[in-house]
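Please have the sequence and the model in view while reading the points below.

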Amino acid sequence: MNSLKKITIILHILISCAALIVSGHSQSHSHGDESPSYKYSQNANEQYKKEDEKASSDQDYNLYFSALSSTIFISIVPFFLLFFIPIDGSVEKQPLLKILLSFASGGLLGDAFLHLIPHALAPSAEKTGHSHSHSHGEGKHEPHDITVGLGVLGGIITFLIVEKTVRLFSGGHGHSHGTDKKKSDEKQKKKLKEKKEDIKIAGYLNLAADFTHNFTDGLAIGASYIAGHSIGIITTITILLHEIPHEIGDFAILVQSGCSRKKAMMLQLLTAFGAISGTVLSIYLRGSGEGLVASLILPFTAGGFIYIATVSVIPELLEGSNNKFSQSIKEILALLAGVYMMVLIAQYE
């Protein structure tokens, strides 16, 4: 029996020594009253925790790097393509500029009705679809979700208010009742100046809508990389195909607004910060803000696009029309091409 006790004591000592060696004696002095097995367990947990934190930090770094690289890529590629768009504010390039404006209006409307609004409606349909399937059998009708519709209307009304406010603060439209030729000429010049200012307002409104749209693209890229690297790459390619026609149209709107080619390109590049901020926010929130995006940002942006296309771009095409049949056909075909581009992209999203 004594020999059995001795063997037990020796084994206990050996286990204790092994535990102390593995744990690095990190707590041999501070917790002398605790058993060696507890000390080993505690130190091991701390070590595993540090390793997990390091792995999580490396994973976050790779996630940010991949998502931001994709965001910068989809911002840079369309920017370089603008160098090859042969338009400026000259009279000679007006027919081509009008064709690109038609393409822009088709792209804006297609983006709003085929991309942004359906994406905003999808989460709402998933939420209410199950409950509706049961409530109809009992004769009960729940109210429809009008959040997306209110968001679209909110975007339209907000852009109208902004444009009205800018016009009021810029001095409004004066009226002159002079009868002599000098007053008539001054009145004509004033009208032209006011018209130019109105067009500039439309250009800057489009920049604001484009910034918001790029922000939602950034949110999508960040969320897709959280879901998986391959999903992130597919999303990047889809958004890139979507952005190329969009950026060309926005460039045409800015040139028509009176911006030089260089200024229009620089302003377009600035909107890339919207995509970058959206990507960072999406990863930081880990997708927890998706409900806010679907219920508010997407429909609001859609409303902005609808406002710009219908109030600013299309009236400009009608007012500045030279009534040439061939030019009108080209503009209509360009508008349809802009819509069709969004149809194709929506099919492969």
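S224 is located in helix α5. The structure is a predicted model, and its protein chain contains 10 helices and zero strands.

**The setting of S224**

- Is S224 buried or exposed? Its relative accessibility is 6%, and the cut-off for a buried residue is under 20%, so S224 counts as buried.
- When neighbours within four places in sequence are set aside, the contacts of S224 are I231, G232 and T235.

**The chain as a whole**

- Along the sequence, the elements of the protein chain follow the pattern α-α-α-α-α-α-α-α-α-α.
- The protein chain has 349 residues, and 37% of them count as buried.
- The protein chain has an accessible surface of about 20800 Å². Carbon and sulfur atoms account for 67% of that surface.

**The nonpolar cores**

- The largest nonpolar core comprises 40 residues. Those that touch the most other members are I85, I87, L101, F251, I253 and I308.
- Two or more residues of this core come from each of α3 (94–135), α4 (147–169), α5 (181–227), α6 (229–256), α7 (261–270) and α9 (290–319).
- Which element gives the most to this core? The answer is α3, with 10 residues.
- F251, one of the residues that touch the most other members of the core, is in contact with L82, I85, I87, R261, A264, M265 and Q268 once neighbours within four places in sequence are left aside.
- Another core, of eight residues, lies apart from the largest one. Its members include L63, A67, I74 and Y225.

**The largest cavity**

- How many cavities of 30 Å³ or more does a search of the whole structure find? There are two.
- The largest cavity holds about 110 Å³ of space.
- Its lining is made up of 14 residues, of which I74, S75, N214, E243 and E247 are the closest to the centre of the cavity.
- The elements that contribute two or more residues to this lining are α2 (36–81), α5, α6, α7 and α8 (272–285).
- The largest share of the lining of the largest cavity is that of α2, which provides four residues.
- By residue class, the lining of the largest cavity consists of seven nonpolar, four polar and three charged residues.

- The volume of the second largest cavity is about 40 Å³.
- Which residues line the second largest cavity? They are A104, G107, L108, P245, H246, G249 and D250.
- Both α3 and α6 supply at least two residues of this lining.
- The element that gives the most to the lining of the second largest cavity is α6, with four residues.
- This lining divides into three nonpolar residues, three polar residues and one charged residue.

Terms used. Residues are numbered from 1 along each chain as its sequence is written. This is a predicted model: local features need pLDDT of at least 70, side-chain atom pairs count only at pLDDT 80 or more; totals for chains, interfaces and linings use all residues. Side-chain values use heavy atoms; hydrogens and water are left out. A nonpolar core is a set of buried Ala, Val, Leu, Ile, Met, Phe, Trp, Tyr and Cys residues joined through side-chain atoms within 4.5 Å. Buried means under 20% relative accessible area, exposed over 50%, partly exposed in between (1.4 Å probe, protein chains only). Contact means heavy atoms within 4.5 Å. On a 1 Å grid over the protein atoms alone, a cavity is a set of points where a 1.4 Å probe fits but cannot get out, and a pocket is an open set with protein on both sides within 12 Å along at least five of seven lines; lining residues have an atom within 4 Å of a point. Grid points are joined across faces, edges and corners, and a volume is the space filled by probe spheres set on the points. Ala, Val, Leu, Ile, Met, Phe, Trp, Tyr, Cys and Pro count as nonpolar, Asp, Glu, Lys and Arg as charged, and the others, Gly among them, as polar. Accessible areas come from the Shrake-Rupley method with a 1.4 Å probe; for residues, only the protein chains shown count as cover.
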